[in-house]
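Hi everyone, thanks for making time.

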Amino acid sequence: MQNDTAVEVRNISKIYSGNVEALREVSLAFPRGKLCTLLGPSGCGKTTLLKIIAGLIPANSGEVWVNGRKVDGPGPERAFVFQDFALLPWATVLRNVAFGLELRGMPPEQRNEIARKHIAEVGLAAFEASYPNQLSGGMRQRVGLARALAVNADIILMDEPFSAIDEQTRRKFQEELLDLLKHHRKTVIFVTHSIEEAAYLSDQITLLSPRPGRVAKTIAPGIDHSHGPDEIRRDKHYLDTVDEIWQMLKQYVD
Amino acid sequence: MTLFGRKIPIAFSLFVWFGLWEIVGRSGFSSFIPPFSKVIETAFVIAQTGKFAAAAAISLRSFAAGMALAIVVGLPLGFLMARVAFARRLLGMWVNIFVSAPISALVPLLMAVVGIGETTVVVTVFLFAVFVIVLDTQVGVQHADRSLVEMARSFGARRSQIYTKVLILSALPEILAGLRLGAIRGVKGVVIGQLLVAIIGVGELFELYSKHFLMEEFWALVMIVFLFAFAISESLAALERKVEYYAGSR
């Protein structure tokens, strides 16, 4: 395996009980330091594939390689950001962000210090003592992101992280995510069903076809993020990419 | 509640009914109903007697022992049934039958098996309380947010950490509700057990008072036992309200 591949899946197949074939023979490589998207209509197994990479559910066959090692469970080099945020409702923002470190047995002072740094980084410094139900959806997902950053994993797995967030907040969040990733050299695997989101964020987009989920195509949009976000959304290259993906995916929508 | 546009305090309801009781009692309508004021007076008198203290001590001891047993057995069993399908299939039906069954009917049998004494009362309390604790714990753990468990696993939680840091706290509202219902049933268990055994604790006093038509004492004891059950239930309910802020946000 090349050194610049962070995650590789080889011939992954997954059949759920009841003979539902979610994934068939999926092989993919995710380059280090890039943001890669898994894109496809519902039922294409994109979340299943992400959870297999995370080690949360077992595949029926195939292998997952992370940093050149074969893995078959969760590991400290991968952190997950959940679609429904998955915050502990009885814990403050601070404790939620420090939770991954708490599970590792890090002493409270040390883990709280690290957590505070990442809470500030996602712009929630004033909300350390708040409880999740006091926060908006966007703020909750910031907590989820800070929690993933706090464990200092080099691979961040994001499962439709912005789908439960309103459109305005989502756009702002996307820009902040790109900004954040500029400073941390992280590999991000990002699941979404939004074509625009994928085209805007990604270095690499993998289109999955549904029932069973298979790799339909891999695209590198190569969008130059040095321009402002509004310019990008008017950029011809960006619009072409969106159109190309739509032409591909159209056939799977009934 | 409002009456004629004015807010009526909750205590108003108590005043009306206790007032009615007082009137009926004073009218000499029935020797079974002494005036309410007399009952309260008597309650203070008997609460200071050595006989009551001894009865209360025995009853509290049986209650505490039975409840402790019910909690020690009920919580793990609830967890087991929530997490292990086989345990659920093996025990689920029986727990559901016993939670609604009139356990009192079994007490005479218990007396024959365990003997007439404190142990029977403890077992009665246990049987009254344990099933609802099992059931509520199971429901709480089963309904615990699965994505929280998944989250903990993704951050490398060990099996024991999933229990201590996610499942127990997640199921806490249901567990507390189960404990409250269990405690209420447990009070019934003490009284019914002691009444049927009839020679110990508060049950012995009830038997004594009613046999000798000591109605003031009888009603005074009823008030004390009711108040005790109410106090336990309310203090657990207060605890529940404290954790409700997160139960609502699951």
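Look at the hairpin made by β9(A) and β10(A), where 4 residues sit between the two strands. In the turn, Arg211(A) has a positive phi of about 45°. Before I go on: this is a predicted model, so local features need pLDDT of at least 70 and side-chain atom pairs count only at pLDDT 80 or more, while totals for chains, interfaces and linings use all residues. Residues are numbered from 1 along each chain as its sequence is written, and chains are lettered from A and ligands numbered from 1 in the order in which they are written.

When I say helix or strand, I mean DSSP runs numbered from the N terminus: H or I with at least four residues for helices, E with at least two for strands. Two strands pair if DSSP finds at least two bridges between them. And as a general point, strands of a sheet pair through backbone hydrogen bonds, either parallel or antiparallel.

How many bridges link β9(A) and β10(A)? There are 5, in the antiparallel sense, with β10(A) covering residues 214-219. Ile205(A), for one, stands opposite Ile219(A) in β10(A). β9(A) also pairs with β3(A), residues 35-39, and there the two run parallel, joined by 4 bridges. Across that pairing, Thr37(A) stands opposite Ile205(A), and Leu39(A) stands opposite Leu207(A).

Chain A has another open sheet, with 4 strands in the order β2-β1-β4-β5 and antiparallel pairing. Here β2 (20-31) and β5 (69-71) stand at the edges with a single partner strand each, so one side of each is left without a neighbour in the sheet. The twist averages 25° from one strand to the next. Inside the sheet, 5 bridges join β1(A), residues 5-16, to β4(A), residues 61-66, and Glu8(A) has Trp65(A) as its bridge partner. Helix α1(A), residues 46-54, lies across β1, β2 and β4 of chain A, at about 120° to β1(A). For that angle, axes are lines fitted to C-alpha atoms, for helices over the stretch in contact, and angles run from 0 to 180 degrees between N-to-C directions.

Next, the inside. A nonpolar core is a set of buried Ala, Val, Leu, Ile, Met, Phe, Trp, Tyr and Cys residues joined through C-beta atoms within 7 Å. The largest one here has 126 residues, and among those touching the most other members are Ile53(A), Leu157(A) and Val125(B). Helix α6 of chain B, residues 118-142, gives the largest share, 15 residues. Contact means that the C-beta atoms, placed from the backbone, lie within 7 Å. By that rule, and leaving aside neighbours within four places in sequence, Ile53(A) is in contact with Val7(A), Val9(A), Val64(A), Leu157(A) and Ile189(A).

What about the two chains together? 18 residues of chain A are in contact with 15 residues of chain B. On the chain A side, helix α2(A), residues 93-103, supplies the largest share, 3 residues.

Thr164(B) is in helix α8 of chain B, residues 159-197, and counts as exposed because it has 11 C-beta neighbours inside 10 Å. Pro108(A), in helix α3 of chain A, residues 108-121, counts as exposed with 12 such neighbours. That's my tour, so over to you for questions.

Methods. Buried ≥ 20, exposed ≤ 12 C-beta atoms within 10 Å, placed from the backbone. Contact = placed C-beta atoms within 7 Å.
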